[in-house]
Amino acid sequence: MLEVLGLDQPAEALYFVLVDNPPLSVAELCRRTGIEPDVADAALVRLENGGLISRLPGSPPSYTALPPEHAMEVLLLARERDIHRVRALTEQLTERHREARRSRDSTALIEVVTGRDGVARCGQQLFNRAEREIRGIDAPPYAQASDGERVNSATAIAGRNVRSRFIHARDTLSMPGAVARVEVDIAAGEEVRFLPEAPMKLIIADDQAALIPLLATPQVLDACILVHPSALLDALSTLFESLWDQAQPYMPGETASMGPDQFISDEERRIISLLAMGLPDEAIARQLGIGYRTVQRRVQALLGRLGAASRFQAGVLAASRGWWRPEPPQPAVPLPVSGESGNAVP
């Protein structure tokens, strides 16, 4: 655990023993930890130089731990200073990198990324480096690293102050488990909307880089184009915002009870929300893991109870009667003002 403070495993083991005991000699420390004397001597020097322990006079000398709250604070402050220096250097190198690219020809504004693992790593890098916002159009096929791990935006930005907005093709809701995955992403803070068709796959990070497939309709995602700041990147950003305005928000809603005769189950709530999205009965059955005929019966029963003439009207009436309360989209995360953007995505 203390490796974040620059201490290796032998130094950490020796320090923990000294914290729990009165002053100990090198021989006693080696006996308790199983560390070789020469390794222990070097580790004790590091601990002493770091201000974590003190050597007591005597023959042989012994060592004691200093109050951790003071010693640790000194190391943490030193580490913070190192981090600030590295961040400052990163900003300088980023600016140098941008200047070097400005001096090249226009071909430097795009890069071709090949190989499934390379595409997956590049996509994950965009997610990890984003500091303000991730935007994307989600459609198959999906990038997977060589270890089989699928790139996921919600997982990558979890716990960070990064806004995430994704447009999905409505057809993706027909894929097994798609609705469950979307609802998990929404619960993690991602904003999701749907279009009848998605024109392309797309990831945009902080208006600094975008990733699009090399082919318009790839069967396997093993070649992509990484777009750097340029007119092309501006066009991709404009395309996304235009599609976002046209797309329908996905609102899974929640079960509501208005009285003993006006109650719907969680399954019925999900059926209503999927009806409102325009999914056919076959797709609803796959997503809920129930039979096709069961879905047909439930849909007809809901239409009858609501007095609805159409499937979409059933969703509207259910919401108006309080049977289903659509959840509003998550509030947008405030974006920094101009000039506050972080490191550029390479």
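Tyr-15 is buried in this predicted model, with a relative accessible area of 2%; buried stands for under 20% relative accessible area, exposed for over 50%, and partly exposed for what lies in between, with a 1.4 Å probe and protein chains only. Phe-16, at 38% relative accessibility, counts as partly exposed. The rings of Tyr-15 and Phe-16 form a tilted aromatic pair, 6.5 Å centre to centre and with 45 degrees between the planes. Rings of Phe, Tyr and Trp (its six-membered ring) are paired if their centres lie within 6.5 Å; planes under 30 degrees apart are stacked, over 60 edge-to-face, and the rest tilted.

The model is predicted, so local features need pLDDT of at least 70 and side-chain atom pairs count only at pLDDT 80 or more, while totals for chains, interfaces and linings use all residues. Residues are numbered from 1 along each chain as its sequence is written, and side-chain values use heavy atoms, leaving out hydrogens and water.

A search of the whole structure finds three aromatic pairs. One of them is stacked, because the ring centres of Phe-240 and Trp-244 are 5.8 Å apart and their planes are at 20 degrees. Both residues lie in helix α8 (residues 231-246), four residues apart, about one turn of the helix. Helices (H or I, at least four residues) and strands (E, at least two) are DSSP runs, numbered from the N terminus. Phe-240 is buried at 0% relative accessibility, and Trp-244 is buried at 6%. Arg-165 lies over the face of Trp-244, 5.1 Å from the ring centre; for this, NZ of Lys or CZ of Arg must be within 6 Å of the ring centre and within 35 degrees of the ring normal.

Next comes a sheet. Three strands form an open sheet in the order β1-β3-β2, with antiparallel pairing; two strands pair if DSSP finds at least two bridges between them. At the edges are β1 (24-25) and β2, each pairing on one side only. Strand β2 (residues 53-56) and strand β3 (residues 62-65) are joined by four bridges. Ser-54 stands opposite Thr-64, and Arg-55 has Tyr-63 as its bridge partner. The two strands form a hairpin with five residues between them, and Gly-58 in the turn has a positive phi of about 145 degrees.

Confidence is given as pLDDT, from 0 to 100 for each residue. The mean for the protein is 77, and 79% of its residues reach 70 or more. Strand β8 (residues 202-205) has the highest confidence, at 92, and strand β12 (residues 254-255) the lowest, at a mean of 49. Where pLDDT is low, the predicted coordinates should not be read in detail.

Notes: pLDDT is the predictor's confidence in each residue, from 0 to 100.
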